[in-house]
Amino acid sequence: MDQWPEHLRIPKTTTLIPAIPKLHEPMHQATNHQVFSLNFISGVGLSDLETPERVWGPHNNFGNGTKTQGPGSRQDTLDDHFGFWNWLKFIGIVEGHRGFSESLDHELLASFETICADWEADAFPKKVKNPYETERTDITEAEARKALALQEEELLKSGAAPVHETSASSFITMGLDIEESQRRLRRFAKDALAQATARQEAGLTEQRNGLRHRIKA
């Protein structure tokens, strides 16, 4: 950075806060994600740091409209349009925040703002309790299957004889798989069958036959 032009250097007094752009955030591990979340960094507002990728779409037409202009005129035109884009976004954010805040209980809002301010004021890495962290109340399908398998294992260890050839956990798993297959085939038949080739129609019929066999088995 020392080799950069003076006007491009980051001042040494600047404090950098690590964050993950929102589009890329789900691609990372979820552990301690609140620390890097743009939703919870003071001063960020509703920014997602993906604007450079999003803003070009609506402005692509200006490529043809400004390519015959001189450098200065072209820069001014683009600045005007980008500035108007930012103004519309800013107005929308302000009105949305004001309306949402007015719909909440004022005492609850003041209490939560105090908690959030304490968390925001804490330096990175933060040690103050995170007010945005929520405890999971759901479980994934894999976790449910694991719990059922462990329960079945304990029953077998205790000497309990299986009532059926197919265990309860295997039966539930099979039922979930069949339901997923039904949804997938229904979606495929609705979306693709109107323009399907003979091979695709044959494949769909074969999958239906296989599904019926699994259900009857």
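How many salt bridges does the count come to? The count comes to four salt bridges, where a salt bridge is a side-chain nitrogen of Lys or Arg within 4 Å of a carboxyl oxygen of Asp or Glu. We will visit some of them later in the tour.

**Before you click**

This is a predicted model, in which local features need pLDDT of at least 70 and side-chain atom pairs count only at pLDDT 80 or more, while totals for chains, interfaces and linings use all residues. Residues are numbered from 1 along each chain as its sequence is written, and side-chain values use heavy atoms, with hydrogens and water left out.

**Stop 1: the largest pocket**

Select Asn39, His97, Phe112, Glu120 and Tyr132. Of the 23 residues that line the largest pocket, these lie nearest its centre. Two elements give two or more residues to this lining: α4 (71–102) and α5 (106–121). Helices here are DSSP runs of H or I with at least four residues, numbered from the N terminus.

The space in the largest pocket comes to about 710 Å³. Rolling a probe the size of a water molecule over the atoms shows where empty space is left. On a 1 Å grid over the protein atoms alone, a pocket is an open set of points where a 1.4 Å probe fits, with protein on both sides within 12 Å along at least five of seven lines; lining residues have an atom within 4 Å of a point. Grid points are joined across faces, edges and corners, and the volume is the space filled by probe spheres set on the points.

**Stop 2**

The whole structure has five aromatic pairs; rings of Phe, Tyr and Trp (its six-membered ring) pair if their centres lie within 6.5 Å, and planes under 30 degrees apart count as stacked, over 60 as edge-to-face and the rest as tilted.

Start with Phe40 and Trp119. Their ring centres are 6.3 Å apart and their planes stand at 85°, so this pair is edge-to-face. Phe40 sits in the loop between α1 (33–36) and α2 (51–54), and Trp119 in helix α5, so the pair links distant parts of the chain, 79 residues apart. Are Phe40 and Trp119 buried or exposed? Both are buried, a word used for under 20% relative accessible area, with exposed meaning over 50% and partly exposed in between (1.4 Å probe, protein chains only).

Next, look at Phe112 and Tyr132, also an edge-to-face pair, with 6.1 Å from centre to centre and 85° between the planes. Phe112 belongs to helix α5 and Tyr132 to the loop between α5 and α6, so their pair ties together parts 20 residues apart in sequence. Phe112 is partly exposed at 36% relative accessibility, whereas Tyr132 is buried at 18%.

Before moving on, select Lys126. Its charged end sits over the ring of Trp119, 4.6 Å from the ring centre; the rule asks for NZ of Lys or CZ of Arg within 6 Å of the ring centre and within 35 degrees of the ring normal.

**Stop 3: the second largest pocket**

Select Glu152, Leu155, Pro162, Ser167 and Ala168, the closest to the centre among the 16 residues lining the second largest pocket. This pocket has a volume of about 320 Å³. Both α6 (141–157) and α7 (168–192) supply at least two lining residues, and α6 gives the most, with five. The lining divides into nine nonpolar, five polar and two charged residues.

Zoom in on Pro162, found in the loop between α6 and α7. Pro162 is exposed, with 62% relative accessibility.

**Stop 4: salt bridges**

Select Glu95 and Arg98, whose closest N and O atoms are 2.9 Å apart in a salt bridge. They are three residues apart in helix α4, which means a separation of about one helical turn.

Then go to Glu180 and Arg183 for a salt bridge of 3.2 Å, N to O. These two are also three residues apart, this time in helix α7, and so about one helical turn separates them.

Finish at Glu6 and Arg9, whose side chains meet in a salt bridge of 3.2 Å. Glu6 is exposed at 61% relative accessibility, while Arg9 is partly exposed at 35%.

Terms used:
Ala, Val, Leu, Ile, Met, Phe, Trp, Tyr, Cys and Pro count as nonpolar, Asp, Glu, Lys and Arg as charged, and the others, Gly among them, as polar.
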